[in-house]
Amino acid sequence: KKGKKGTTIWNVNHLPQNRDIWCTTLGNGIVNIYKYIYPDKRYIVDDKGHKKGVMGNCELLTNKSLSSLSTQPIISWNWNKNK
C-alpha cells in the first residue's frame, strides 16, 4: 500500500496498552506514531431515523525530523524496548 508521500507502508502496530495509538513503518525509514481522536458524538440519526456512525480523526504525534530512523525500509516494529 502506498503512503501519503508515495512510499510503501511496511508495518502497522498498535500499542498493546492503548488501541488508540499505533505506528506505521515506511519504506523511506520513517516511523509515524498516530493517535485516534474519538468524535463528540459516536453516531448521528439521519432524516429516516437510522443511526449512522461518525468517524473520528487521526492525530500525527511524531515530528518528521525526529521520526526518520533510517534511509532503508523499516520492516518490523516492537513496542517493547528490550526487544
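Three aromatic pairs are present in the structure, where rings of Phe, Tyr and Trp (for Trp, the six-membered ring) are taken to pair if their centres lie within 6.5 Å, with planes under 30 degrees apart counted as stacked, over 60 as edge-to-face and the rest as tilted. In one of these pairs, the ring centres of tyrosine 36 and tyrosine 38 are 4.8 Å apart and the planes stand at 90°, so the arrangement is edge-to-face. Tryptophan 77 and tryptophan 79 also form an edge-to-face pair, with 6.0 Å from centre to centre and 85° between the planes. Tyrosine 36 is partly exposed, at a relative accessible area of 24%, and tyrosine 38 is likewise partly exposed, at 32%; here buried means under 20% relative accessible area, exposed over 50%, and partly exposed in between, with a 1.4 Å probe and protein chains only. Tryptophan 77 is partly exposed at 27% relative accessibility, and for tryptophan 79 the value is 27%, which also counts as partly exposed.

The model is a predicted one, in which local features need a pLDDT of at least 70 and side-chain atom pairs count only at pLDDT 80 or more, whereas totals for chains, interfaces and linings use all residues. Residues are numbered from 1 along each chain as its sequence is written, and side-chain values use heavy atoms, with hydrogens and water left out.

Strand E1, residues 9-15, pairs with strand E2, residues 18-26, in the antiparallel sense over six bridges, pairing being assigned if DSSP finds at least two bridges between two strands. The two strands E1 and E2 form a hairpin with two residues between them, and isoleucine 9 has leucine 26 of E2 as its bridge partner.

Isoleucine 21 lies in strand E2 and counts as buried, at 17% relative accessibility. When residues up to four places away in sequence are not counted, isoleucine 21 touches Asn13, His14, Leu15, Ile33, Tyr34, Lys35 and Trp79, a contact being defined by heavy atoms within 4.5 Å. The C-alpha atom of isoleucine 21 is separated by 12 Å from that of tyrosine 38, which is 17 residues away along the chain.

A search of the whole structure for disulfides, defined as pairs of cysteine sulfur atoms within 2.5 Å, finds zero. Cysteine 23 is in no disulfide, and the nearest cysteine sulfur, that of cysteine 58, is 13 Å away, which is too far for a bond. Cysteine 23 is buried, with a relative accessible area of 1%, whereas cysteine 58 is exposed, with a relative accessible area of 52%.

For the protein chain as a whole, the radius of gyration is 16 Å, while a compact globule of 83 residues would have a value near 12 Å; the radius is taken over C-alpha atoms, and the globule rule is 2.2 Å times the number of residues to the power 0.38. The C-alpha trace spans about 50 × 30 × 20 Å along its principal axes. Of the 83 residues, 24% count as buried. Among contacts with a separation of 6 or more, 41% involve residues 24 or more positions apart. The protein chain exposes about 6700 Å², of which carbon and sulfur atoms supply 52%, as computed by the Shrake-Rupley method with a 1.4 Å probe.

Conventions. Helix = DSSP H or I, 4+ residues; strand = E, 2+ residues; numbered from the N terminus.
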